[in-house]
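Please read this briefing beside the sequence and the model.

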Amino acid sequence: MRRFEKERLQRRSSLREYFPRPSSTSDAPVKLIFVALYILGAILVWSKQDEIARTAETTALLSPIASLVMQHILAVYLLVGGAFLTILILFPIGKKAAQDQLRSIGLVNHTDMVPALKRKYKDKQNPRISVWEFSSQGIPLKTWEDKQAAIETILDITIVKMKYGSGKSRVLLYTVPARTDLPEVIDWNDKYLSHNPFILALGESFTGPVTVDLVKVPHILLGGSTGSGKSVLLKLLLMQALKKGAIVCIADFKGGVDFPPIWHKQCKMCIEEESTLALLTELVDELQRRKALLAASGQPNIDRYNEATGEDLPRYIFACDEIAEVLDKTGLGNDQKEVVRKIESKLSMIARQGRAFGIHLILATQRPDANILSGQIKNNVNCRICGRADTILSQIILDSTAAAEQIPKDARGRFLLHDGTLFQAYWFDDRGG
Ligand SMILES: Nc1ncnc2c1ncn2[C@@H]1O[C@H](COP(=O)(O)OP(=O)(O)O)[C@@H](O)[C@H]1O
Ligand SMILES: [Mg+2]
């Protein structure tokens, strides 16, 4: 941008400070007011047209054009006013302002063109959401996503979702006004439990409930710094899994503080390496056994197998509240290192093959160390959830810094899903029993 252009942009932006911002939701109400005013104006002109025509006749020294306009005042009003109204209805209010604002945060293509706001409308599925439709000007969605925090600030909106419109020449921003926020606490209620065999409820986003389907995304990686709400969310998922008849195994090397006695009754607990390895070995053996069963029966996965044979092979969930604690090899002797290496290889076997055989991993971590979680495991865990985090942890969990940017420092139970959905996890209290 050249200097004079920059100055012009700054001048326009500071001028706009004096005017109220156009609605961030939808222009429809404002446009309706203009339509109403136009109709009112038409009635007024219609009732006064004879009077105005007479004035034109009786006034001396009137230019012929003015006289003509006054004699046909109704037609002129309808035509000129109608033209203005059409322009107003066709173009979204605040188009120019949005363009200036996006330019000021550098959302431009290589020829310095800035996306143009095409429409603003209410989302049909969720009237709380308004959709801002932009022409993308060749700027890929990834760039929009990287600049999400800046776009939200400059346009004074909260972006709930971004996606391409029909074709890639349009980008749709699903937004709510910046002042709206998710509730700080949403108590868990058994009515949130899904009827679907393996859909687990996570919490609520701006667009409604957020769930994860273990049939589609078999493993979950959960990140977040201390106090972000990982343990609560992990237990929320495990509680639902238990209610759905899964067998839950928990590796907890922190002496069980996170898991009150009720968990020890209902789940298989491992509190050190040897028993964890023994349990994972059992799980991998079960995986192999199921593999043979499915191969023999010709069924593609355990759900179909259960259906076809009338058997009821349960799902297994292996959960860990701090996976770094289990996999960290620093300071260990050779024998222990070997045990950890075996644990790692069993975990990555389950990560790769567990899906069809109903064996799932839910791994939580707060330690941002890429070396601890091997690529084998990480790449096969396709559901990523990150709570409050610094940029490094967010990068490791979500492959972007979004969690660090979008989750406030004091937020608890607030998470970002890998697809960009921000949600408040249900608050689940297991201390009652
Ligand atoms: N979903 C939630 N809604 C509201 N508050 C929560 C939620 N999850 C956690 N918290 C609060 O945050 C605190 C820390 O949660 P915890 O799960 O122990 O965090 P972490 O395991 O990440 O250290 C909890 O004691 C609770 O007060
Ligand atoms: Mg914890």
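Asp112 is placed in the loop between helix H5 (95-104) and strand S1 (117-122), where helices (H or I, at least four residues) and strands (E, at least two) are DSSP runs numbered from the N terminus. This is a predicted model, in which local features need pLDDT of at least 70 and side-chain atom pairs count only at pLDDT 80 or more, while totals for chains, interfaces and linings use all residues. Residues are numbered from 1 along each chain as its sequence is written, chains are lettered from A and ligands numbered from 1 in the order in which they are written, and side-chain values use heavy atoms, with hydrogens and water left out.

**Loop residues with positive phi**

- The phi of Asp112 is near 70°, a positive value in a residue other than glycine.
- Asp112 counts as partly exposed because its relative accessibility is 29%, given that buried means under 20% relative accessible area, exposed over 50% and partly exposed in between (1.4 Å probe, protein chains only).
- Asp399, in the loop between helix H15 (391-398) and helix H16 (402-406), also has a positive phi, near 60°, in a residue other than glycine.
- As background, most residues other than glycine have a negative phi.

**Buried residues in helices**

- Leu102 is found in helix H5, and it counts as buried because its relative accessibility is 0%.
- Leaving out residues up to four places away in sequence, Leu102 touches Leu107, Val114, Pro115, Phe134, Ile151 and Leu155, where contact means heavy atoms within 4.5 Å.
- Gln148 lies in helix H7 (residues 148-155), and its relative accessible area of 10% is why it counts as buried.
- The side chain of Gln148 reaches the backbone oxygen of Ile159 at 3.3 Å, and, with neighbours within four places in sequence set aside, Gln148 is in contact with Ile159, Met162 and Gln406.
- Leu277 belongs to helix H10 (residues 273-297) and counts as buried because its relative accessibility is 12%.
- Beyond its neighbours within four places in sequence, Leu277 is in contact with Val339, Lys342, Ile343 and Lys346, whereas Cys249, 28 residues away in sequence, is 12 Å away in space, C-alpha to C-alpha.

**A loop residue and its contacts**

- Leu193 lies in the loop between strand S5 (186-187) and strand S6 (199-205).
- Leu193 touches Trp188, Gln240, Lys243 and Lys244, not counting residues up to four places away in sequence.

**Aromatic rings and charges over them**

- The structure holds eight aromatic pairs, a pair being two rings of Phe, Tyr or Trp (its six-membered ring) whose centres lie within 6.5 Å, with planes under 30 degrees apart counted as stacked, over 60 as edge-to-face and the rest as tilted.
- Among them, Phe259 and Trp263 form an edge-to-face pair, 5.8 Å centre to centre with 85° between the planes, and both residues are buried.
- The ring centres of Phe415 and Phe423 are 5.9 Å apart and their planes are at 25°, so this pair is stacked; Phe415 and Phe423 are both buried.
- Trp132, Phe134 and Trp144 form one aromatic cluster.
- The charged end of Lys120 sits over the ring of Trp132, 4.6 Å from its centre, where such a placement requires NZ of Lys or CZ of Arg within 6 Å of the ring centre and within 35 degrees of the ring normal.
- Lys161 lies over the face of Tyr174, at 4.5 Å from the ring centre.

**Surroundings of ligand 1**

- Of the 16 residues around ligand 1, Gly227, Lys230, Ser231, Val232 and Ala425 come nearest, a residue being near if one of its heavy atoms lies within 4 Å.
- An oxygen atom of ligand 1 is 3.2 Å from an N or O atom in the side chain of Arg412, where a polar contact is a pair of N or O atoms within 3.5 Å; within protein, one must be able to donate a hydrogen and the other to accept it, and residues adjacent in sequence count only if both atoms are side-chain atoms.
- A nitrogen atom of ligand 1 is 2.9 Å from a polar backbone atom of Ala425, and a nitrogen atom of ligand 1 is 3.5 Å from a polar backbone atom of Tyr426.
- Taken alone, ligand 1 exposes 550 Å², of which the protein buries 78%, with accessible areas taken from the Shrake-Rupley method with a 1.4 Å probe and, for residues, only the protein chains shown counting as cover.
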